[in-house]
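This briefing sets out the fold, the overall dimensions and two individual residues of the protein shown below.

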Amino acid sequence: GTATLEGGKLISVEKVKGSKTGITEVKAVQELRTDGSMVSSAEYFKEGRWVPGHAATYREDPKADVVFR
């Protein structure tokens with residue numbers, strides 16, 4: 001696959017083989033925003049076009065405690 005940095009976004013594209021749904025490529029986008037959140041999204045290349053996949057926004061939980069075991 002390939003990974004590039006474009007306008008503050010990390011974009012990676014991976015080839016897919018053997019997908020039962022016809023997906024031949026997956027594009028993942030990671031973006032760190034100025035408010036400290038991170039947006040993660042994916043698109044799938046299927047039947048000659050990019051289709052939306054999952055998307056999520058991650059934010060720090062100020063109440064969270066890190067516990068090492």
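Buried means under 20% relative accessible area, exposed over 50%, and partly exposed in between, with a 1.4 Å probe and protein chains only. The model is predicted, so local features need pLDDT of at least 70 and side-chain atom pairs count only at pLDDT 80 or more, whereas totals for chains, interfaces and linings use all residues. Residues are numbered from 1 along each chain as its sequence is written, and side-chain values use heavy atoms, leaving out hydrogens and water.

**Fold and dimensions**
- The protein has five strands and zero helices (DSSP runs numbered from the N terminus: strands are E, at least two residues; helices are H or I, at least four).
- The radius of gyration is 16 Å, whereas a compact globule of 69 residues would have one near 11 Å (taken over C-alpha atoms; the globule rule is 2.2 Å times the number of residues to the power 0.38).
- The C-alpha trace spans about 45 × 30 × 20 Å along its principal axes.
- Of the 69 residues in the protein, 14% are buried.

**Glu-25**
- Glu-25 lies in strand S3, residues 23–32.
- Glu-25 counts as buried because its relative accessible area is 17%.
- Beyond its neighbours within four places in sequence, Glu-25 has contacts that include Val-13, Lys-15, Tyr-44, Phe-45 and Trp-50 (contact means heavy atoms within 4.5 Å).

**Glu-47**
- Glu-47 sits in the loop between strand S4 (38–46) and strand S5 (49–58).
- Although not a glycine, Glu-47 has a positive phi of about 55 degrees.
- Glu-47 counts as exposed because its relative accessible area is 69%.
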